[in-house]
Amino acid sequence: MGPQAWRAKRCRRHALSELRAMIIRAATANDADAIWKILEPIIRAGDTYTLPLDMTPEDALAYWHSRGHEVFVAEENGEILGTYYLHANQKGGGAHVANCGYMTAPWASGRGIARAMCQHSLGHAKSRGFRAMQFNFVVSSNERAVDLWQRMGFKIVGSLPGAFLHPTLGLVDALVMYRML
């Protein structure tokens with residue numbers, strides 16, 4: 001085995017060990033500070049979520065932990081790097097469709113955290129009896145998210161023209177994305 005093949009094998013093994021170190025678990029009250037640390041810069045940026053830029057920690061955590069939300073965290077080596085919630089998208093006749101919101105710590109971007117959380121949420125939603133998952137308002141300029149959701153099997157089923165006022169781009173479309181479980 002040449003040095004390049006050995007390095008590639010070692011890198012794959014290292015990547016696998018890092019992946020194994022990540023766990024996704026139900027959030028606890030003790031996770032509140034770590035969750036806020038993730039939510040705050042994303043809320044303040046105002047370019048992906050329809051939340052007030054000046055949202056207080058208490059209001060943000062109350063929103064994330066809203067009634068009916070199951071909240072999870074992605075943890076790697078003791079550090080929480082992402083969080084998501086899962087709930088029924090609608091009541092009654094629409095209660096078989098799940099909805100999620102995901103946030104990855106900006107300092108952990110590009111490490112597969114969002115993909116892992118999405119994969120976890122799809123499995124968890126299915127185990128809870130949901131038959132589909134819908135994202136109601138994906139900001140179209142959030143190209144990394146749109147691309148990831150499409151790679152995870154979501155289809156764009158609708159577009160809301162100019163529905164999101166982006167802080168630097170102005171009015172951009174919001175997408176409705178959907179997939180069966």
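**View 1. Ala88 and the residues it touches.** Leaving out residues up to four places away in sequence, Ala88 touches Ala95, Val97, Ala98 and Phe130, where contact means heavy atoms within 4.5 Å. Ala88 sits in strand β3; helices (H or I, at least four residues) and strands (E, at least two) are DSSP runs, numbered from the N terminus. The C-alpha atoms of Ala88 and Ala98 lie 4.5 Å apart, although ten residues separate the two along the chain. Ala88 counts as partly exposed because its relative accessibility is 29%; buried means under 20% relative accessible area, exposed over 50%, and partly exposed in between (1.4 Å probe, protein chains only).

A word on the model behind these views: it is predicted, so local features need pLDDT of at least 70 and side-chain atom pairs count only at pLDDT 80 or more, while totals for chains, interfaces and linings use all residues. Residues are numbered from 1 along each chain as its sequence is written, and side-chain values use heavy atoms, with hydrogens and water left out.

**View 2. The whole chain, for orientation.** Five helices and seven strands make up the elements of the protein chain. Read from the N terminus, their order is α-β-α-α-β-β-β-α-β-α-β-β. Of the 181 residues, 39% are buried. Among contacts with a separation of 6 or more, 60% are between residues 24 or more positions apart.

**View 3. The seven-stranded sheet.** Here is an open sheet with mixed pairing and the strand order β1-β2-β3-β4-β5-β7-β6. Its edge strands, β1 (22–26) and β6 (155–166), each pair on one side only. Two strands pair if DSSP finds at least two bridges between them. On average, and ignoring direction, neighbouring strands of this sheet are turned by 25° against each other; axes are lines fitted to C-alpha atoms, for helices over the stretch in contact, and angles run from 0 to 180 degrees between N-to-C directions.

**View 4. β2 and β3, with helix α3 on the sheet.** Seven bridges pair strand β2 (residues 70–76) with strand β3 (residues 79–88) in the antiparallel sense. Look for Glu75, whose bridge partner in β3 is Ile80. Helix α3 (residues 57–64) packs on the sheet and touches β2, β3 and β4 (97–104). The direction of α3 makes about 55° with that of β3.

**View 5. Strand β7 and its two partners.** β7 (residues 170–180) pairs with β5 (residues 132–139) over six bridges in the antiparallel sense, and Ala132 stands opposite Met180. β7 is also joined to β6 by eight bridges, again antiparallel, with Leu165 opposite Leu171. Three residues lie between β6 and β7, which form a hairpin.

**View 6. Asn99 in strand β4.** Asn99 belongs to strand β4 and counts as buried because its relative accessibility is 6%. The Asn99 side chain reaches the backbone oxygen of Gln134 at 2.8 Å. Beyond its neighbours within four places in sequence, Asn99 is in contact with residues including Tyr85, His87, Phe135 and Asn136.

**View 7. Helices α2 and α3 crossing.** The axes of α2 (residues 32–45) and α3 come within 10 Å and cross at roughly 100°. That makes the two helices, α2 and α3, roughly perpendicular, a term for angles of 65 to 115 degrees. From α2, Ala32, Ile35, Trp36, Leu39 and Ile43 meet Pro57, Ala60, Leu61 and Trp64 of α3. The residues of this contact are nine nonpolar, no polar and no charged; Ala, Val, Leu, Ile, Met, Phe, Trp, Tyr, Cys and Pro count as nonpolar, Asp, Glu, Lys and Arg as charged, and the others, Gly among them, as polar.

Notes. A polar contact is a pair of N or O atoms within 3.5 Å; within protein, one must be able to donate a hydrogen and the other to accept it, and residues adjacent in sequence count only if both atoms are side-chain atoms. Angles under 35 degrees count as roughly parallel, over 145 as roughly antiparallel, 65 to 115 as roughly perpendicular and the rest as oblique.
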